[in-house]
Amino acid sequence: MSTRALTEAASTEAAPLSLCSREPHVPADRLVAEMVPPPRFDSVRFDTYLPDPNQPSQTDAVKVLSSFAEGLGGAHATGSGKRPVLGRWFAKKPATPAGPRGVYLDGGYGVGKTHLLASLWHATPAEPALKAFGTFVELTNLVGALGFQQTVKTLSGHRLLCIDEFELDDPGDTVLVSSLLSRLVEEGVALAATSNTLPGKLGEGRFAAADFLREIQGLSAHFRPLRIDGEDYRHRGLPEAPAPFSDEQVAKAAYATPGASLDDFPHLLDHLAKVHPSRYGALTDGLSAVCLTDVSPVPDQSTALRLVVLADRLYDREIPVLASGLPFDRLFSEEMLKGGYRKKYFRAISRLTALARDAKGLVGQ
């Protein structure tokens with residue numbers, strides 16, 4: 001950061017926070033307790049989803065998912081560990097509803113799939129402790145923290161498990177989660193999943209449902225594919241993302257914004273390598289904004305994937321990102337954007353762009 005930026009910043013009373021100074025510890029029970037829709041989606045419901053009038057599949061999706069939620073009413077699944085002991089011994093499993101016990105939202109990034117998935121979670125008639133919501137990465141982190149058998153035991157009493165951004169680019173993790181979901185289906189847990197996709201050879205900006213169903217192999221019969229067409233709502237009818245600001249502007253805004261953090265981007269990338277991705281949510285606890293100087297292209301794929309997870313956690317928590325340096329659409333190399341993890345990188349660009357737009361007001365006019 002420039003001397004001028006530091007001098008201007010020092011003229012204010014409180015110094016900003018720093019992500020690089022944080023090394024949070026997250027106990028396993030917190031990972032389970034936090035499997036709810038993120039703050040960005042606390043208040044979303046089916047009636048707050050605004051379908052694109054030019055995309056009837058979006059209106060149809062609301063109707064189908066509303067009906068799916070209604071079908072999950074009745075007695076809770078067994079094995080939740082939340083009933084008295086005798087109740088667990090003599091409880092009967094709920095009757096399995098007709099049709100698939102899962103739904104897969106098939107569509108491009110930014111068409112509102114997470115909004116719909118969170119709305120399904122909210123609409124399902126069960127207490128929050130009997131519903132779980134998390135990304136694919138968070139689910140694999142949970143298995144890593146608890147172990148496979150304990151994860152099955154922990155989630156088997158749930159009425160619904162929602163998995164956002166189901167990742168299909170890691171065969172090992174896909175098989176692991178597929179095995180987990182098979183066990184949960186046996187216990188009567190309903191499933192819902194989304195998968196982000198990119199504009200590809202077909203030019204549709206979506207990941208074919210057949211690919212998802214093939215990857216989860218024996219689980220495919222449990223999912224009803226629900227296609228959702230449309231363009232990225234984060235850019236629909238909105239102005240272009242603001243250009244990066246200067247170091248001085250970013251530093252001044254960080255010092256003037258209570259609860260903001262201020263970090264040099266390359267140093268932050270180095271720090272992320274020291275923190276497990278399952279802790280990135282805790283890394284952002286209490287922040288009102290993230291201010292970054294000297295944004296530059298990420299140097300390698302491992303670093304890029306860590307940045308994707310951080311971008312997801314910032315977006316979930318609606319934390320604005322103010323930055324200097326390069327614009328976010330230049331974070332990843334052309335080789336990365338054409339490779340196997342391209343859907344993750346496009347998602348990160350889309351989300352960081354939205355957060356950069358949210359941060360524009362932090363800079364004084």
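Student: Is Y345 buried or exposed in this structure?

Tutor: The model is a predicted one, and its residues can be sorted by relative accessible area, where under 20% counts as buried. For Y345 the relative accessible area is 0%, so this residue is buried.

Student: Which residue forms an aromatic pair with Y345?

Tutor: A search of the whole structure finds one aromatic pair. Its rings are 4.6 Å apart from centre to centre, with 20° between the planes, and the pair is stacked. The partner of Y345 is F332.

Student: Which residues touch the most other members of the largest nonpolar core?

Tutor: This core holds 62 residues, and helix 13 (residues 301-316) gives the most to it, with eight residues. F332 counts as buried at 4% relative accessibility, and its contacts beyond four places in sequence include V298, L307 and I349. The residues that touch the most other members are L116, L120 and F332.

Student: How many of the eleven residues of helix 5 are buried?

Tutor: Helix 5 spans residues 113-123, and among its buried residues are L116, L120 and W121. Because the buried residues make up so much of the helix, it is largely enclosed by the rest of the structure, and their count is nine.

Student: Which residue has its charged end over the ring of W121?

Tutor: The charged end in question sits 4.2 Å from the centre of the W121 ring. It belongs to K131.

Notes. Residues are numbered from 1 along each chain as its sequence is written. This is a predicted model: local features need pLDDT of at least 70, side-chain atom pairs count only at pLDDT 80 or more; totals for chains, interfaces and linings use all residues. Side-chain values use heavy atoms; hydrogens and water are left out. Rings of Phe, Tyr and Trp (its six-membered ring) pair if their centres lie within 6.5 Å; planes under 30 degrees apart count as stacked, over 60 as edge-to-face and the rest as tilted. Buried means under 20% relative accessible area, exposed over 50%, partly exposed in between (1.4 Å probe, protein chains only). A charge sits over a ring if NZ of Lys or CZ of Arg is within 6 Å of the ring centre and within 35 degrees of the ring normal. Helices (H or I, at least four residues) and strands (E, at least two) are DSSP runs, numbered from the N terminus. A nonpolar core is a set of buried Ala, Val, Leu, Ile, Met, Phe, Trp, Tyr and Cys residues joined through side-chain atoms within 4.5 Å. Contact means heavy atoms within 4.5 Å.
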